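Here is my note on the model, as numbered points. Please read it with the structure open.

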Amino acid sequence: MRISRRLRTPQAGFTLIEVIVSLVVGAIMGVILLSYMGTQLIHSGDPINIARAEGAAEMWMERIISDYVQEMNTPVSYSTALATIFARDYTIGPYNMPASVTLTRTCVTYDGAGDEVTVTCGGTSTNLKVTVQAGGYGLTSILTAERVTSGDPITYY
């Protein structure tokens with residue numbers, strides 16, 4: 001009588017327990033990854049919005065400074081240049097400043113300690129503080145109606 005022995009070859013594949021454990025570990029890793037990457041995806045457009053707001057604020061400040069330079073370089077109006085810039089409405093006419101841009105104008109002077117003091121515009125005020133804000137980004141410039149010397153060149157455009 002002959003006894004045959006079969007050699008058992010190991011089974012290929014994964015057991016059900018191994019598959020379930022790998023699915024659970026993969027799901028946990030996916031949740032962790034999604035929680036970190038989800039906030040990055042939500043805020044991925046922020047740099048573009050910041051750059052857009054910076055550009056808008058800079059554009060409007062450049063327009064205001066351009067108007068100021070034009071007023072200062074016109075002999076008949078340089079003494080009233082600050083009052084003109086203070087009174088100009090940048091929301092209408094050729095300007096049409098959007099509502100998303102905020103323009104603040106304040107007349108200021110400085111005390112003996114160098115601290116800024118807000119004063120009533122007109123009269124003795126020789127400094128106009130202009131602030132342009134767009135999307136949390138702001139620019140401030142101090143415009144003055146004083147010239148360094150009486151011989152400052154006046155440029156006509």
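1. Terms first. A contact means heavy atoms within 4.5 Å. Helices (H or I, at least four residues) and strands (E, at least two) are DSSP runs, numbered from the N terminus. Buried means under 20% relative accessible area, with a 1.4 Å probe and protein chains only.

2. Basis. This is a predicted model, in which local features need pLDDT of at least 70, side-chain atom pairs count only at pLDDT 80 or more, and totals for chains, interfaces and linings use all residues. Residues are numbered from 1 along each chain as its sequence is written, and side-chain values use heavy atoms, with hydrogens and water left out.

3. Overall layout. The protein has 3 helices and 4 strands. Their order along the sequence is α-α-α-β-β-β-β. Buried residues account for 20% of the 157 residues. Of the contacts between residues at least 6 apart in sequence, 49% join residues at least 24 apart.

4. Helix H2. This helix covers residues 46-72, 27 residues in total. From first C-alpha to last it reaches 39 Å, close to the 39 Å expected at 1.5 Å a residue; the expected span is 1.5 Å times one less than the number of residues. Its buried residues include Ala53, Ala57, Trp60, Met61 and Ile64. Asp67 and Glu71 are also buried. The cover over the buried residues of H2 includes helix H3 (81-87) and strands S1 (101-110), S3 (127-134) and S4 (137-144).

5. The sheet. Four strands form an open, antiparallel sheet in the order S2-S1-S3-S4. Strands count as paired if DSSP finds at least two bridges between them. S2 (116-118) and S4 are at the edges with a single partner strand each, so one side of each has no neighbour in the sheet. On average, neighbouring strands are turned by 40° against each other, direction ignored. S1 and S2 pair over 3 bridges. Val108 is opposite Thr118 in S2.

6. H2 lies across S1, S3 and S4, and runs at about 10° to S4. Axes are lines fitted to C-alpha atoms, for helices over the stretch in contact; angles run from 0 to 180 degrees between N-to-C directions.

7. The core. A nonpolar core is a set of buried Ala, Val, Leu, Ile, Met, Phe, Trp, Tyr and Cys residues joined through side-chain atoms within 4.5 Å. The largest has 20 residues; Ile85, Leu128, Val130, Val132 and Leu143 have the most contacts inside it. H2, H3, S1 and S3 each give two or more residues to this core. H2 gives the most, with 7 residues.

8. Leu143. Leaving out residues up to four places away in sequence, Leu143 touches residues including Ile65, Tyr68, Leu82, Ile85 and Val130.

How values were computed
Buried < 20%, exposed > 50% of the residue type's maximum accessible area, 1.4 Å probe, protein only.
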